[in-house]
Amino acid sequence: MGMSIQQIIFMVLSVIALVSALGVVLSKNPVTSVLCLIVTFFTIAGHYIMMNAQFLAVVHIIVYAGAIMVLFLYVMMLMNMNADLEPQKRNWLKYAGAISGGALLVVLVAALRDASMPALSPQSTDIGLIKNLGQTLFKQYVVPFEVSSILFLSAMVGAVVIGKKD
């Protein structure tokens, strides 16, 4: 019994996501860490696309890989991150971190040991499609949508007014 193409794509995306997430945590260079985080965000967006949630994938890429990562890089460039100025960590702090991480792992393994996963059957769903999201947003939730747009408009006007004051 061979694996389907969706399973292969899922496995490849998952391996890339795990490796890049480890790169975020284990990297000594903060810029490399942020770049690994961007790769992780793109692989998560690939998982969203595989779940037929195209809108969520696009918003995830625009918001996280675009805006948030640019903000992170901008803040890191503004901060002067020299290793000389960074205080040295004590050895007991490293040991305490390793012990608390091991304790968390033991708790998670104990909690998930008796957990059961229901059998998932592949089914086609149209929940995440942009057309269905638009239908729901503009029919069922039109009033909250318009109220939030007025809120965003007033925030933009307020930002302009604050920015124009001398």
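Reader: Where does Thr43 sit, and is it buried or exposed?

Author: Thr43 lies in helix 2. Thr43 is buried, because its relative accessible area is 5% and buried means under 20%, exposed over 50%, and partly exposed in between (1.4 Å probe, protein chains only).

Reader: What kind of model is this, anyway?

Author: This is a predicted model, where local features need pLDDT of at least 70, side-chain atom pairs count only at pLDDT 80 or more, and totals for chains, interfaces and linings use all residues. Residues are numbered from 1 along each chain as its sequence is written, and side-chain values use heavy atoms, with hydrogens and water left out.

Reader: Ok, big picture: how many helices and strands does the protein chain have?

Author: The protein chain has 6 helices and 0 strands. Helices (H or I, at least four residues) and strands (E, at least two) are DSSP runs, numbered from the N terminus.

Reader: And how much of the chain is buried?

Author: Buried residues make up 13% of the 166 residues. The accessible surface comes to about 13,700 Å², and 73% of that belongs to carbon and sulfur atoms. Those areas come from the Shrake-Rupley method with a 1.4 Å probe; for residues, only the protein chains shown count as cover.

Reader: Where does UniProt place the "transmembrane region" feature?

Author: The unreviewed UniProt entry places it at residues 6–26, 33–51, 57–80, 92–112 and 141–162. Positions are in the numbering used here, feature names are shortened, and annotations may be inferred rather than shown by experiment. In the model, residues 33–51 are 95% helix and 0% strand, with end C-alpha atoms 27 Å apart. For residues 92–112, the span is 100% helix and 0% strand, and the ends lie 30 Å apart.

Reader: Which residues make up the largest nonpolar core?

Author: Val34, Ile38, Phe41, Ala65, Met69 and Met76, 6 residues in all. Helix 2 and helix 3 (54–78) each give two or more residues to this core. A nonpolar core here is a set of buried Ala, Val, Leu, Ile, Met, Phe, Trp, Tyr and Cys residues joined through side-chain atoms within 4.5 Å. Leaving aside neighbours within four places in sequence, Val34 is in contact with Met69, Phe72, Leu73 and Met76.

Reader: How about the loops: where is Asn52?

Author: Asn52 is in the loop between helix 2 and helix 3. Asn52 has a positive phi of about 65 degrees although it is not a glycine.

Reader: And what does Leu129 touch?

Author: Leu129 touches Asn52 and Gln54, not counting residues up to four places away in sequence. Leu129 is found in the loop between helix 4 (91–112) and helix 5 (130–139). Leu129 and Ile49 are 80 residues apart in sequence and 9.9 Å apart in space, C-alpha to C-alpha.

Terms used
Contact means heavy atoms within 4.5 Å.
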